[in-house]
Amino acid sequence: MAIPLDQVINRQGTQSTKWEKYADRDILPFWIADMDFASPDFVFQALQQRLEHPILGYTKTPDTLTEAFQGWLAYHFNWHVPEEWIVWLPGVVPGLNMAAHTLNCDQSIMIPTPVYYPFLEIGENSGLEQILTPLQLINGRWEMDIERMGDQLTKGTKMVFIANPQNPTGRAYTLDELTALAQFIEANDLLLVSDDIHCNLIIDPDAKHLPVALAVPEIADRTISLFAATKTYNIPGLSCAAAVIPNAQLRARFQGMEKGLVPGVGPLNHVASQACFNDRSDWVPNLLTQLRANHERLKSVAGGRMSTLDATYLAWIDVRDLRLNDLEAHFESHGLGISDGKQFGLEGHIRFNFACPKATLDEGLARLQESLND
Ligand SMILES: Cc1ncc(COP(=O)(O)O)c(C=O)c1O
């Protein structure tokens, strides 16, 4: 039976990364990007069906998974992607790092910040110089600063990494923004890696997710786009992701980086993601209704501190005026586990995950109010 989204689920005993961090303390976790909602029934039905077979061996990617993913891209974005453009991966983060490994050691990468913290490790992981370029806040909205990116470019810069929708600022880039970025990419002979894992989680009904290779086809050959169903359906523990790479040479180089380092995708992960990509039910619309209501509740407490959020369940909150030395410690002392913005490359901010049942959020918001007043 489907578990309603407003039901509080005790995650004790599941080794949940999110909850174990504060296991023995009265601290509610609003940090890591993992939702406190049950995944939909059809995911469990698909898993149970697979578990009727007693062997969970090495598994090649089922054609049915690729077909489901192609159908999902067509259904949500009207993007018709040939099978050969798709490379399956055991996660989006391995895909980010594999992309960097396609470069030569004298080349550099550029990353707008603040950004999901594994992006900040890509340079070191791949032995490449990493140029961090700040997003700019314009009328409460975080935007790429293309002019500044141009100024920071060096002769060796070859690849730009973005998250769209952006984590932690929650921006879903518009066509104008993607077009400006595409012109920059083309004019400087660059490649673009776009992490689109949050693409279904559109909070502002007027916002839209635009896969960059579709929205600006002129640069499709320069792109690697990364997708997964794991964030939307809350199955990050069953990691499975797909890279869409239209250019055959780039795709071959990317695949070459996998060998001996990146494991294949497990059979249960395949099955769960396939069930999600085939979903046309009202599960995601209902989830979005809940997330939108939560976002409004959070806004009523954090208000002007929050930047405009188009997408994701991660709010980016400015707490610079509190002049805190240790943000995590301050919020923990009020019973709140948040993510310190420093982790994402920008101090004085916190990231707050609002994907939880109303009762949990209400308790969290009472604590947030206190911690902002203190
Ligand atoms: C922008 C972004 N990319 C990637 C991931 C993780 O992807 P995976 O677990 O498939 O490596 C996350 C998780 O929070 C994320 O927010």
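**Helix packing**

Guide: The crossing of helices α3 and α10 is left-handed (the near helix is turned anticlockwise from the far one by less than a right angle; clockwise would be right-handed). This is a predicted model, in which local features need pLDDT of at least 70 and side-chain atom pairs count only at pLDDT 80 or more, while totals for chains, interfaces and linings use all residues. Residues are numbered from 1 along each chain as its sequence is written. Helices (H or I, at least four residues) and strands (E, at least two) are DSSP runs, numbered from the N terminus.

Visitor: At what angle do α3 and α10 pack, and how far apart are their axes?

Guide: Two packed helices are described by the angle between their axes and the distance between the axes. Here α3 covers residues 63–77 and α10 covers residues 267–277; the angle is about 30° and the axes are 8 Å apart. The pair therefore counts as roughly parallel (under 35 degrees; over 145 is roughly antiparallel, 65 to 115 roughly perpendicular, the rest oblique). Axes are lines fitted to C-alpha atoms, for helices over the stretch in contact, and angles run from 0 to 180 degrees between N-to-C directions.

Visitor: Which residues of α3 and α10 meet?

Guide: From α3 come Thr64, Leu65, Ala68, Phe69, Gly71 and Trp72; from α10 come His270, Ser273, Gln274 and Phe277. Contact means C-beta atoms, placed from the backbone, within 7 Å.

Visitor: In what order do the 7 strands of the open sheet lie?

Guide: Strands of a sheet pair through backbone hydrogen bonds, either parallel or antiparallel. In this open sheet the order is β2-β10-β9-β8-β7-β3-β4, with mixed pairing (two strands pair if DSSP finds at least two bridges between them). At the edges stand β2 (86–89) and β4 (129–134); each has a single partner strand, so one side of each has no neighbour in the sheet. On average, and with direction ignored, neighbouring strands of the sheet are turned by 20° against each other.

Visitor: Which helix packs on the sheet, touching β2, β9 and β10?

Guide: Helix α9 (residues 248–256) does so, and its direction makes about 15° with that of β2. The strands β2 and β10 (residues 241–244) run antiparallel and are joined by 4 bridges, with Val87 opposite Ala243.

Visitor: How many bridges join β3 to β4?

Guide: There are 6, and β3 (residues 108–113) runs parallel to β4. The strand β3 also pairs with β7 (residues 157–163), in the parallel sense over 3 bridges. Ser108 takes part on both sides: Glu129 is its bridge partner in β4, and Thr157 stands opposite Ser108 in β7.

Visitor: What pairing does the open sheet of 3 strands show?

Guide: The pairing is antiparallel, in the order β11-β14-β13. Its edge strands, β11 (314–318) and β13 (339–340), each pair on one side only. Between β11 and β14 (residues 349–353) there are 5 bridges, and Leu314 has Asn353 as its bridge partner.

Methods: Two residues are in contact if their C-beta atoms, placed from the backbone, lie within 7 Å.
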